[in-house]
Amino acid sequence: MISAQQLTKRFGTLTAVDRVSFEVERGEILGFIGPNGAGKTTTMRMLTGFIPATEGTAIVAGHDVFEAPMAVRRSVGYLPETPPLYRELTIGDYLRFVAEIRGIDARDRTRRIGQVMEQVGLSGWEKRILGSLSKGYRQRVGLAQAIIHDPPVLILDEPTSGLDPAQVAGMRDFVRRLAEDRTVILSTHILPEVELICGRAVLIAQGRVLADDTIDGLRRHAGGGIRYRIELKGGDPSAIPARVGALAEVEQVTPLEPDQGFAVLDVRAPADPRTAVARLATEQGWTIRAMERHVPSLEEAFLAIIGAER
Amino acid sequence: MQVAWAIFKKELRIYFVSPLAYVFLGVFLFLAGLFFYLGITMTGEASLRVMLGNLGVSLLFLLPLLTMRHFAEERRSGTYELMMTAPVPLWALLLGKWAASLVLCLVLLAGTLLFPAILAYYGDPDWGIVATSYLGLLLLCGAFVSAGLFSSSLSDEPVAAGLIGVIILLPFWIAGTASELVEADWLRSTFRHLSFLTQIEPFTRGVIDTGALAWFALFTFAFLFLTWRSVESRRWR
């Protein structure tokens, strides 16, 4: 549905986006993550045709962004970083205007406006002036504007920035529902959001794609994978790591600093090794103080990948 | 066309829900009243010539302020991103904005119809001359709005855009005075023709001059074309 090939954008001598390539399938929600200034917004602007790429191509909904910009504009709903609102207008007048320039049939406009206002939770707010709205409500109007023409592709630039936790949760559900029959790209620097909404994420920093994988894949990519922290005491403490490491289920054991006579082990294993370790401890008469399973967060993966780059 | 119509309605609505249109109407009518009074008391003739000529010069300073927000403000508030990612052809955007500003000018000019009405009450003005005079002013508005749109496309700062607009228009006023200072005939005649006062003069005598019509049309289209080029080229930066 979306395909970016070697997209590059240079502003003078600054390369904001450097040969970025990725694909998004129909029905997929792709998270675009990366630190501020990574080139997320610039990439999205190139996909919507707002700014032309210096090099590279992009196909959105079957149309080349540079050769058929109008066709792309028709198939994309776009929520820019700042919701594009005319402060002087009311919500109703504004959405009517967007419906008109989006070419929605005059007979369907009123119905469609009512529909999207209900969808984003703005029912009964037609007469409110946009300039008087709080950030959360402006974001909602921005979203209503992006979906009013029922586009097959949605590009959302930081849709949850400035929202309170309840609103963030609402936005999340909403985007998930939207994606049922659409393709969505959303950018964010709030990682738990990506973990909750997106199937796949592209990590971008300093204009380059550092990783493009499923959320689980990204975690593995960070080199960590799932780890177990195991604390045991009994017999000769220095012999414990070797005995645990000898278990068939265990891949690798790294002894950490011992704590109050307990050997502390960082264990890597393809499948959960804790029952095997417990059996061994029972046989040996060891004391078990802790056996924790540690799933690295996307945050850690993110920092590990960016850290490795630097 | 439907899109241009939508833009036109939106721009007009923004003019009239903000205080801008009313402030302009007030200032414009005040100036018109002043020129009307001075014109009548100074020349002693029941005509609108003085008022209309001076209003032309006032428009030079007022209209860039009216049009300055068009592109500058859209860029600043981010709505420009909506315009450039919705299926809005550039010509529709330009036409909608130009027409909305012109309609506001029509409202301003309609307000000054009060003065010919006063003349009609006390005397017998030549309605043909009144009609052509207003036609001349309207053509002038179209030309100035076009230049104002161009200046608005040059800056992200509305106030700067307004000032640039005045600076762009000033030579077309000063050229008339400058023509009296130069020696060479060809230069004098060129300067004279550059001045919008020269172009609007036949209209105040009740003459619809084809040369002047062509001048206004050329002026309007030239600046609309420049605006189009300027908006296009800024996308690449």
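Helix axes are taken here as lines fitted to C-alpha atoms over the stretch in contact, with angles running from 0 to 180 degrees between N-to-C directions. In the predicted model, helix α3 (residues 49-67) of chain B packs against helix α11 (residues 196-204) of chain B at an angle of about 150°, and their axes are 11 Å apart. Angles over 145 degrees count as roughly antiparallel, and α3(B) and α11(B) are therefore roughly antiparallel to each other. Their crossing is right-handed. On the side of α3(B), the contact is made by B:R49, B:L52, B:G53 and B:G56, and on the side of α11(B) by B:F196, B:L197, B:I200 and B:T204. Classified by residue type, this contact of α3(B) with α11(B) comprises 4 nonpolar, 3 polar and 1 charged residues.

A further helix pair in chain B is formed by α8 (residues 127-154) and α9 (residues 158-179), whose axes come within 8 Å and cross at roughly 135°. Helices α8(B) and α9(B) are therefore oblique to each other. The crossing in which α8(B) passes α9(B) is right-handed. Helix α8(B) contributes B:F144, B:A147, B:G148, B:S151, B:S152 and B:L154 to the contact, while α9(B) contributes B:A161, B:I164, B:G165, B:I168 and B:L169. The contact of α8(B) with α9(B) contains 7 nonpolar and 4 polar residues, and no charged residues.

Elsewhere in chain B, B:W215 is located in helix α12 (residues 210-235). A residue is classed as buried if 20 or more other C-beta atoms lie within 10 Å of its own; B:W215 has 19 C-beta neighbours inside 10 Å and therefore counts as partly exposed. Between B:W215 and B:E74, the separation is 141 residues in sequence and 30 Å in space, C-alpha to C-alpha.

Chain A is divided into domain 1 (2-221) and domain 2 (227-294). The C-alpha centres of domain 1 and domain 2 of chain A are 48 Å apart.

The contact between the chains takes 24 residues from chain A and 20 residues from chain B. On the side of chain A that touches chain B, α2 (69-75), β6 (76-79) and α3 (91-101) of chain A each supply at least two residues. Helix α3(A) gives the most to this side of chain A, with 4 residues. By class, the residues of the side of chain A that touches chain B comprise 13 nonpolar, 4 polar and 7 charged.

How values were computed:
Residues are numbered from 1 along each chain as its sequence is written. Chains are lettered from A and ligands numbered from 1 in the order in which they are written. This is a predicted model: local features need pLDDT of at least 70, side-chain atom pairs count only at pLDDT 80 or more; totals for chains, interfaces and linings use all residues. Angles under 35 degrees count as roughly parallel, over 145 as roughly antiparallel, 65 to 115 as roughly perpendicular and the rest as oblique. A crossing is left-handed if the near helix is turned anticlockwise from the far one by less than a right angle, and right-handed if clockwise. Two residues are in contact if their C-beta atoms, placed from the backbone, lie within 7 Å. Ala, Val, Leu, Ile, Met, Phe, Trp, Tyr, Cys and Pro count as nonpolar, Asp, Glu, Lys and Arg as charged, and the others, Gly among them, as polar. Domain bounds come from an automatic or database domain assignment. A residue is buried if 20 or more other C-beta atoms lie within 10 Å of its own, exposed if 12 or fewer, and partly exposed in between; C-beta atoms are placed from the backbone.
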